[in-house]
Structure formats: structure tokens, C-alpha cells
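The following note collects points for a colleague who is examining the coordinates.

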Amino acid sequence: QNVAEILLDHCTQQKTFKIVWGHRFAGIVQQEGQSPQVTVTCVGMAGEAFFTCDYLIGADGAGSSVRRSQCIPFEGFTWQDFRFVASNVKYDFEKHGGFTTANMIIDEEDWAVIARTGPGDAPWRVAFGVRTSVPESEILAQIAMHYERLLPGPRPLQYELVSANPYWAHQRVAKTFRVGRIVLCGDAAHVSLNK
């Protein structure tokens with residue numbers, strides 16, 4: 001079970017929580033006075049829908065529409081000389097290399113972070129860097145080559161690749177996390193990796 005599923009399970013058990021699927025954020029109006037509130041406009045299959053709340057939490061990712069609607073600058077930069085590949089793999093790092101919960105491989109080219117994602121048979125996260133000169137279409141095809149240099153143990157390597165995604169590395173943070181009753185969190189507020 002991933003983090004999103006755990007959060008969804010927890011939230012749906014709350015009496016004051018409601019999920020409305022199939023709606024896209026379109027705008028916000030903040031109203032001050034005796035009963036301050038936020039009105040959110042969304043667009044769904046049936047047209048516009050309006051929701052009111054005491055506070056709006058923008059947790060809608062690095063490309064946050066909530067943050068952009070408030071014209072909040074997303075300051076910082078994007079690393080241009082490398083990209084990350086975050087992969088999940090089933091492999092016995094403890095047996096073959098004595099790896100612990102979190103491990104760092106330090107090398108000018110073949111650097112990586114290798115860490116447990118959970119107990120038991122959960123896959124391990126292997127995050128490593130690739131040069132931006134490698135075309136995006138070839139990044140995932142080169143995973144076996146990177147594993148050959150990064151993974152300990154006998155050859156040929158026997159592993160199960162569960163998933164892999166390339167990411168740009170960023171150092172960006174919103175100029176403010178709050179505008180009135182609108183609060184940013186997660187990647188909407190600050191980001192270090194993004195597809």
C-alpha cells in the first residue's frame with residue numbers, strides 16, 4: 001500500500017471528509033468579514049461547481065494551480081547537468097552487500113542513494129544520476145547498465161525491476177506558503193525532484 005492509498009483510507013473514515021472526483025480546479029475567491037471563507041471554483045463533466053471552506057490547502061504538486069492562481073513566485077533553479085532516475089527494485093542488498101536502511105554510493109559518475117521502502121519483501125529504492133546528454137527515450141533502457149555498476153553480488157544479476165521514472169532535480173520554494181486562508185504544502189510549496 002502506497003502513501004496515497006494510506007492517506008485515502010484514513011481520510012475516508014473521517015465524517016467531515018468528502019472526495020469529489022473528476023473536477024479540475026479553476027479559481028479561488030477569499031471573502032473576509034464576520035464569516036471569512038474561501039470559495040473554490042472547479043470544472044467537472046456537468047460544468048462549474050462551487051465549494052466553500054474555512055481554509056484551502058493547495059497540495060496539488062510542483063505545477064500547483066492553486067499557487068499560480070495567487071501569483072506566488074516559485075523561486076530557485078533546476079539543475080541542468082544531470083537528471084535523477086528513481087527506480088524500485090526487488091533485490092537482496094542485505095545478503096549481497098550488507099546494505100542497511102539507507103546507503104549512499106559516492107562516485108563522480110556512478111553515484112546513488114539506495115534505501116529500503118518498507119519491511120519484508122518491499123522493493124528497494126535505487127536513485128541514481130544520468131547526464132542530460134542522454135536522450136529521454138534512452139534513460140530507462142540504460143537502467144540495466146547502471147545496475148551492473150551499482151548493485152553488489154554475483155553476476156549475472158538477478159533482480160526484479162518494479163518501476164522507474166526519470167526526474168529533473170530542482171531547488172525551488174514558494175515565496176510564501178500562505179496567502180490569507182490559502183495554504184500551500186508538499187511539492188506545491190517546495191520541490192527538489194519533479195518529472
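1. In this predicted model, the lining of the largest pocket divides into 18 nonpolar, four polar and three charged residues. Together the lining comprises 25 residues, and the volume of the largest pocket is about 1,200 Å³. Nearest to the centre of this pocket lie Phe-17, Lys-18, Val-20, Leu-56 and Ile-57.

2. Several elements contribute to the lining of the largest pocket. At least two residues each come from helix H1 (3-12), strand E1 (24-31), strand E2 (37-44), strand E3 (47-53), strand E4 (56-58) and helix H2 (65-69). Helix H1 gives the most to this lining, with four residues.

3. The second largest pocket holds about 180 Å³ of space. Its lining is made by 14 residues, with Glu-109, Trp-111, Gly-129, Val-130 and Arg-131 nearest the centre. Strand E5 (74-90), strand E8 (124-131) and helix H5 (143-150) are the elements that give two or more residues to the lining of the second largest pocket. By class, that lining has five nonpolar, three polar and six charged residues.

4. Thr-41 belongs to strand E2, an element that also supplies at least two residues of the lining of the largest pocket. Is Thr-41 buried or exposed? Its relative accessibility is 16%, so Thr-41 counts as buried, the cut-off for that class being under 20%. Apart from its neighbours within four places in sequence, Thr-41 is in contact with Arg-24, Phe-25, Ala-26, Gly-27, Glu-48, Ala-49 and Phe-50.

5. How many disulfides does a search of the whole structure find? The search finds zero. A disulfide is a covalent bond between the sulfur atoms of two cysteines, and the criterion applied here is a pair of cysteine sulfur atoms within 2.5 Å. For Cys-11, the closest cysteine sulfur is that of Cys-185, at 11 Å, which is too far for a bond. Seen from Cys-185, the closest cysteine sulfur is that of Cys-11, again at 11 Å and too far for a bond. Cys-11 is partly exposed, with a relative accessible area of 22%, and Cys-185 is also partly exposed, at 31%.

6. Most residues other than glycine have a negative phi, and most peptide bonds are trans. Cys-71, although not a glycine, has a positive phi of about 55°. Cys-71 sits in the loop between H2 and E5 and is exposed, with a relative accessible area of 68%. Pro-156 is located in the loop between H5 and strand E9 (160-174).

7. As to confidence, the chain averages a pLDDT of 92, and 98% of the residues score at least 70. Where in the chain is confidence lowest, and where is it highest? The lowest confidence is in strand E12 (residues 190-194), with a mean of 79, while the highest is in strand E11 (residues 182-184), at 98.

Terms used
Residues are numbered from 1 along each chain as its sequence is written. This is a predicted model: local features need pLDDT of at least 70, side-chain atom pairs count only at pLDDT 80 or more; totals for chains, interfaces and linings use all residues. Side-chain values use heavy atoms; hydrogens and water are left out. Buried means under 20% relative accessible area, exposed over 50%, partly exposed in between (1.4 Å probe, protein chains only). On a 1 Å grid over the protein atoms alone, a cavity is a set of points where a 1.4 Å probe fits but cannot get out, and a pocket is an open set with protein on both sides within 12 Å along at least five of seven lines; lining residues have an atom within 4 Å of a point. Grid points are joined across faces, edges and corners, and a volume is the space filled by probe spheres set on the points. Ala, Val, Leu, Ile, Met, Phe, Trp, Tyr, Cys and Pro count as nonpolar, Asp, Glu, Lys and Arg as charged, and the others, Gly among them, as polar. Contact means heavy atoms within 4.5 Å. pLDDT is the predictor's confidence in each residue, from 0 to 100.
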